[in-house]
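The following exercises are to be worked through with the sequence and the coordinates at hand. Each task is followed by a solution in steps.

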Number of protein chains: 2
Amino acid sequence: MAASSLPDVPLALQDPDYRNAVVDLLGAVSYGEISAFERLAEDAKLAPTLQDKVAIATMASAQIGKVGALHGRLRELGADPFAAMAPFRGAIDLFHEHTHPADWFEGLIKAYVGDGLADDFYREIAAYLDPSTRDLVVASLEDTGHAAFVVDRVRAGIVADHRLGGRRALWGRRLMGEALIQAQRVAAERDALAALLAGGVDRPGLDLAAIGRMFARLTERHAERMAELGLDS
Amino acid sequence: MAASSLPDVPLALQDPDYRNAVVDLLGAVSYGEISAFERLAEDAKLAPTLQDKVAIATMASAQIGKVGALHGRLRELGADPFAAMAPFRGAIDLFHEHTHPADWFEGLIKAYVGDGLADDFYREIAAYLDPSTRDLVVASLEDTGHAAFVVDRVRAGIVADHRLGGRRALWGRRLMGEALIQAQRVAAERDALAALLAGGVDRPGLDLAAIGRMFARLTERHAERMAELGLDS
């Protein structure tokens with residue numbers, strides 16, 4: 001009666017193309033968390049008060065705290081977590097190089113808007129995953145207390161100096177633009193991830209129209225986040 | 001039958017001098033954890049590999065993860081955690097300013113030897129605390145995975161370039177010297193902490209001979225840690 005499938009490995013993951021896509025995705029999310037840690041730890045130095053510093057440092061720690069479970073799953077899949085992350089270091093590092101915050105507020109906006117965008121994107125992809133991988137990815141994206149703190153601080157900063165609103169709005173657009181450039185680069189280079197979105201024999205995929213709708217949703221949520229901060233998008 | 005004592009507050013903490021000493025101690029330990037986070041996050045940038053970076057970032061996160069419980073207890077005692085930390089920022093910041101690691105190995109040695117020294121010192125003080133505060137302090141000092149990783153890396157580094165042993169040994173002595181200078185400064189400035197060590201009506205204290213023995217124990221354990229790393233002390 002028993003199928004010849006490996007125990008404890010979901011059926012979907014026995015398809016090598018699908019497995020490769022999952023290894024890619026978990027590698028990308030893991031390295032994203034590590035670089036989020038680095039960036040937030042760097043931003044913590046710009047914090048105007050010790051309270052702000054502790055808040056940002058706690059966010060940074062929450063990011064790195066998620067890496068363990070992602071790496072654990074990669075090992076279960078027989079992949080080396082560091083090899084899995086390697087293909088995404090270039091794009092993620094470049095994103096950060098090109099969006100280096102000039103001050104405390106730019107750092108906060110980047111934490112909120114940049115991470116929000118990445119999380120939305122991974123959540124969109126998660127819809128095409130087997131349930132156990134999907135749960136793991138979604139858990140790794142749960143808001144770790146960014147939202148309330150950052151929104152509060154940025155809004156207060158704009159009230160204090162409303163001339164800065166225009167410059168901050170431009171910053172939000174730059175974050176969006178850079179993220180799209182790097183995401184496109186990753187999609188072009190990683191066949192397995194692209195194939196995941198295109199679907200498989202037993203998995204629905206995205207056609208061009210569906211990809212267009214996905215980007216429309218991402219842009220809309222980006223605009224909502226900017227509005228939340230009191231900024232134009 | 002019931003005493004007029006506040007519920008849930010150990011009897012010892014109803015003595016204002018003792019309470020002030022505990023607030024001081026928890027403030028000092030909290031700020032120590034926060035600055036350990038900052039330093040480790042900074043060291044993570046020097047990591048030669050992504051594996052090393054993740055290991056150090058995870059250590060940094062473990063440090064900040066302990067601040068929540070310490071701050072929670074400070075609030076239970078009716079103290080503002082940030083006010084409680086304030087008196088110790090000068091000494092702890094100066095310690096770090098005067099012991100800025102020149103490279104990855106100096107950072108590792110500092111993480112191991114410097115934190116080990118601080119932990120030993122707080123553990124010595126913990127012996128003079130009421131049981132619930134003692135448990136909290138000791139829990140906040142538990143090794144968070146530093147030991148094995150750092151010892152392994154530093155020993156490997158010395159094998160790779162044994163000429164560096166002498167310079168590393170000097171670095172260890174500098175860490176010890178700076179720690180003593182700053183600890184002495186804190187003891188001189190904070191009467192409540194000094195009084196804690198001197199004892200109270202119902203608490204044993206340390207006389208000069210006992211303080212001497214305490215420093216002998218701290219020095220001995222420092223030497224053991226240096227030896228563990230393959231370095232003279």
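Two residues are in contact if their C-beta atoms, placed from the backbone, lie within 7 Å. Helices (H or I, at least four residues) and strands (E, at least two) are DSSP runs, numbered from the N terminus. The structure is a predicted model, in which local features need pLDDT of at least 70 and side-chain atom pairs count only at pLDDT 80 or more, whereas totals for chains, interfaces and linings use all residues. Residues are numbered from 1 along each chain as its sequence is written, while chains are lettered from A and ligands numbered from 1 in the order in which they are written.

**Exercise 1. Describe the packing of α4(A) against α8(A).**

Step 1. Take the axes as lines fitted to C-alpha atoms, for helices over the stretch in contact, with angles from 0 to 180 degrees between N-to-C directions. Helix α4 (residues 81–98) and helix α8 (residues 165–189) of chain A then pack at about 165°, their axes being 10 Å apart.

Step 2. Classify the angle: under 35 degrees counts as roughly parallel, over 145 as roughly antiparallel, 65 to 115 as roughly perpendicular and the rest as oblique. α4(A) is therefore roughly antiparallel to α8(A).

Step 3. List the residues that meet. From α4(A) these are Phe88(A), Ala91(A), Leu94(A), Phe95(A) and His98(A), and from α8(A) Glu178(A), Ala179(A), Gln182(A), Arg185(A) and Val186(A).

Step 4. Turn to chain B. There, α4(B) and helix α8 (residues 165–189) pack at an angle of about 165°, with their axes 10 Å apart.

**Exercise 2. Characterise the fold of chain A as a whole.**

Step 1. Count the elements: chain A has ten helices and zero strands.

Step 2. A compact globule of 233 residues would have a value near 17 Å, and the 19 Å of chain A agrees.

Step 3. Consider contacts between residues at least 6 apart in sequence; in chain A, 76% of them join residues at least 24 apart.

**Exercise 3. How are chain A and chain B related, and which elements of chain B touch chain A?**

Step 1. Superpose the copies by least squares on the C-alpha atoms of residues with pLDDT of at least 70 in both. A rotation of 180° with 0.0 Å of shift along its axis brings chain B onto chain A, with an RMSD of 0.0 Å. The two copies are thus related as by a two-fold rotation axis.

Step 2. Locate the axis: in chain B, the C-alpha nearest to it belongs to Ser61(B), at 2.2 Å.

Step 3. Examine the interface, where 16 residues of chain B are in contact with 16 residues of chain A. On the chain B side, α1 (16–44), α2 (50–65) and α4 (81–98) each give two or more residues. The largest share, eight residues, comes from α2(B).

**Exercise 4. Is Val67(A) buried or exposed, and with which residues is Val67(A) in contact?**

Step 1. Apply the criterion: a residue is buried if 20 or more other C-beta atoms lie within 10 Å of its own, exposed if 12 or fewer, and partly exposed in between. Val67(A) has 23 such atoms and is therefore buried.

Step 2. Leave aside neighbours within four places in sequence; Val67(A) is then in contact with Ser30(A), Glu33(A), Ile34(A) and Val54(B).

Notes: Rg over C-alpha atoms; globule rule 2.2 N^0.38 Å.
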